[in-house]
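Dear colleague,

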Amino acid sequence: GACGILGPVFGPLVGGFAAQAKGWRWTIWELAWLCAAVLIVLFFFMPETNPSNILYRRAKRIRNMTDDTRFRSQSEIVAEQVTRRDELAVLGGAFTPPFQEPVIFFVDIYSALLYRVLYLWFESFPLVFGDIYHFNIGHQGLVFLGIFVGGVITLSRYLLWIRRYIVPKFSNSSVKPEVILPPTFFGDFALPICLFWYG
């Protein structure tokens, strides 16, 4: 969850100073180094834990060692029986929950609206702080730190609310999904206030 806040904040911050010092190509090198570091961490420190994938790799290794094609994992046997209709049913299953549960549909719409406004807002930062207030590219990246501070404060309060309010409710079997919505009421008022203040 933190990546949704940290990426848009530290990307312009680090990239802004790098582009100012070394040119715009340097920001792509930074991204390549970061992706390489993540790939190394994933490769060495996050082993495969999916049982069906482990068994598939083991069966493949035994087939290569023995040249006997009879060694197959359960996932390979099942995959041979899957039809195009089954694939379409699984794909369609990903789109059905929003239309079966109104709360999921409205939370999806609300999240889409928030992300549209947020990223459109990000696009206006260089126009306001660069063109009007004459910040250089590096200093324009510092403007995004306000989002980081707000995200840290909001996230810590949200996690505390989940621990103290939501988790105890799950001991009751009749809990409704709408119990997660009250924090959005704060955001409903905060977003237009912030936009008017920014405007």
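**Where N172 sits**

N172 is partly exposed, with a relative accessible area of 42%; here buried means under 20% relative accessible area, exposed means over 50%, and partly exposed is whatever falls in between, using a 1.4 Å probe and protein chains only. The position of N172 is in the loop between helix 9 and helix 10 (182-198), where helices (H or I, at least four residues) and strands (E, at least two) are DSSP runs numbered from the N terminus. Between the C-alpha atoms of N172 and I54 there are 38 Å, and these two residues are 118 residues apart along the chain.

Before you read on, please keep in mind that this is a predicted model, in which local features need pLDDT of at least 70 and side-chain atom pairs count only at pLDDT 80 or more, while totals for chains, interfaces and linings use all residues. Residues are numbered from 1 along each chain as its sequence is written, and side-chain values use heavy atoms, with hydrogens and water left out.

**Aromatic rings**

A search of the whole structure gives 20 aromatic pairs, where rings of Phe, Tyr and Trp (its six-membered ring) pair if their centres lie within 6.5 Å, and planes under 30 degrees apart count as stacked, over 60 as edge-to-face and the rest as tilted. One of them joins F122 and F125 edge-to-face, with 6.0 Å from centre to centre and 65 degrees between the planes. Both F122 and F125 belong to helix 7 (residues 102-132), where they are three residues apart, about one turn of the helix.

F122 also forms an edge-to-face pair with F144, at 5.4 Å centre to centre and 65 degrees between the planes. Because F122 lies in helix 7 and F144 in the loop between helix 8 (137-142) and helix 9 (145-169), this pair ties together parts that are 22 residues apart in sequence. F122 counts as buried because its relative accessible area is 8%, and F144 counts as buried because its value is 7%. F125 is buried as well. Ring pairs link F122, F125 and F144 into a cluster together with Y115, Y119, W121, F129, Y133, F135 and Y198.

A charge can also sit over a ring, if NZ of Lys or CZ of Arg is within 6 Å of the ring centre and within 35 degrees of the ring normal. K22 lies over the face of W26 in this way, at 5.6 Å from the ring centre.

**Salt bridges**

Side chains of opposite charge can pair when their charged atoms come close. The search of the whole structure finds five salt bridges, each being a side-chain nitrogen of Lys or Arg within 4 Å of a carboxyl oxygen of Asp or Glu.

In one of them the side chains of R63 and E76 meet at 3.0 Å, N to O. This pair links distant parts of the chain, with R63 in helix 3 (residues 51-66) and E76 in helix 4 (residues 74-81), 13 residues apart. R63 is buried at a relative accessible area of 18%, and E76 is buried at 16%.

Another salt bridge brings together the side chains of E80 and R72 (2.5 Å, N to O). E80 is exposed, with 55% relative accessible area, whereas R72 is partly exposed, with 37%.

E87 and R84 form a salt bridge too, and their closest N and O atoms are 3.4 Å apart. These residues both lie in helix 5 (residues 84-93), three residues apart, about one turn of the helix. E87 is partly exposed at 42%, while R84 is exposed at 62%.

**Cysteines**

If a disulfide is taken as a pair of cysteine sulfur atoms within 2.5 Å, the count comes to zero disulfides. C35 is partly exposed, with 47% relative accessibility, and C194 is partly exposed, with a relative accessible area of 31%.
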